[in-house]
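Please keep the sequence and the 3D view at hand while reading.

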Amino acid sequence: MAQTATISPPAPTGVTADGGPVTRTGVNGRAPVRCQWCGRELGNGHGGVGRPRMYCAQSCRQRAYEHRSALQRGGLPTDAVVLSAAERDDLADRLFQVRCAAEDVATALAEKASVSEMHLLVGELIAAARAAERIRRS
């Protein structure tokens with residue numbers, strides 16, 4: 001049975017010198033376009049005529065359609081995200097990995113680790129955070 005969770009978009013973290021939010025930008029200073037289902041980056045280029053792409057693959061488009069249909073049938077709010085127990089557990093595991101990597105960085109800082117060791121630990125933290133960004137794995 002699927003678990004229901006309502007997830008709102010993440011708030012920007014940090015502020016700039018003028019008090020505005022720090023945002024991640026892609027090519028040409030625009031935020032990267034992401035697949036509406038799995039969160040993969042689609043790139044900033046518009047492929048030509050017509051509407052911009054919303055999904056990275058036909059399978060993501062189909063899963064999004066099935067999700068919208070299930071929400072309508074179940075009377076759930078449109079911003080609800082339905083995850084299976086396995087998907088929920090997988091997301092929790094990835095978030096735990098991010099926390100552990102952050103704790104490793106904090107410990108290394110406290111122990112005055114070398115610059116090369118810090119680069120390695122920060123790289124692992126970034127990789128774990130990127131893996132956790134997506135709600136679902138593709």
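A residue is called buried when its relative accessible area is under 20%, exposed when it is over 50%, and partly exposed in between. The model is a predicted one, and a search of the whole structure finds 6 salt bridges and 0 disulfides.

**Helix α1**
- Helix α1 covers residues 58-74, and its 17 residues should span 24 Å at 1.5 Å a residue, which agrees with the 24 Å between its end C-alpha atoms.
- The buried residues of α1 are Cys60, Ala64, His67, Ser69 and Leu71, and these pack against β2 (80-83).
- Just after α1, Gly75 adopts a positive phi of about 70°.

**Salt bridges**
- Within helix α1, Arg63 and Glu66 are 3 residues apart, or about one helical turn, and their side chains form a salt bridge with an N to O distance of 3.0 Å.
- Arg63, at 35% relative accessibility, is partly exposed, and Glu66, at 36%, is partly exposed as well.
- In helix α2 (residues 85-110), Arg94 and Asp90 are 4 residues apart and form a salt bridge, with their closest N and O atoms 3.1 Å apart; Arg94 is buried at 1%, whereas Asp90 is partly exposed at 26%.
- A network of salt bridges links Arg34, Glu41 and Glu133.

**Cysteines**
- Cys38 is buried, with a relative accessible area of 3%, and its sulfur lies 3.6 Å from the closest cysteine sulfur, that of Cys56, which is too far for a bond.
- Cys100 is partly exposed, at 26% relative accessibility.

Terms used
Residues numbered from 1 in each chain as written. Predicted model: local features only at pLDDT ≥ 70, side-chain atom pairs only at ≥ 80, totals over all residues. Heavy atoms only, no water. Helix = DSSP H or I, 4+ residues; strand = E, 2+ residues; numbered from the N terminus. Expected span 1.5 Å × (residues − 1). Buried < 20%, exposed > 50% of the residue type's maximum accessible area, 1.4 Å probe, protein only. Contact = heavy atoms within 4.5 Å. Disulfide = S-S within 2.5 Å. Salt bridge = Lys/Arg side-chain N within 4 Å of Asp/Glu carboxyl O.
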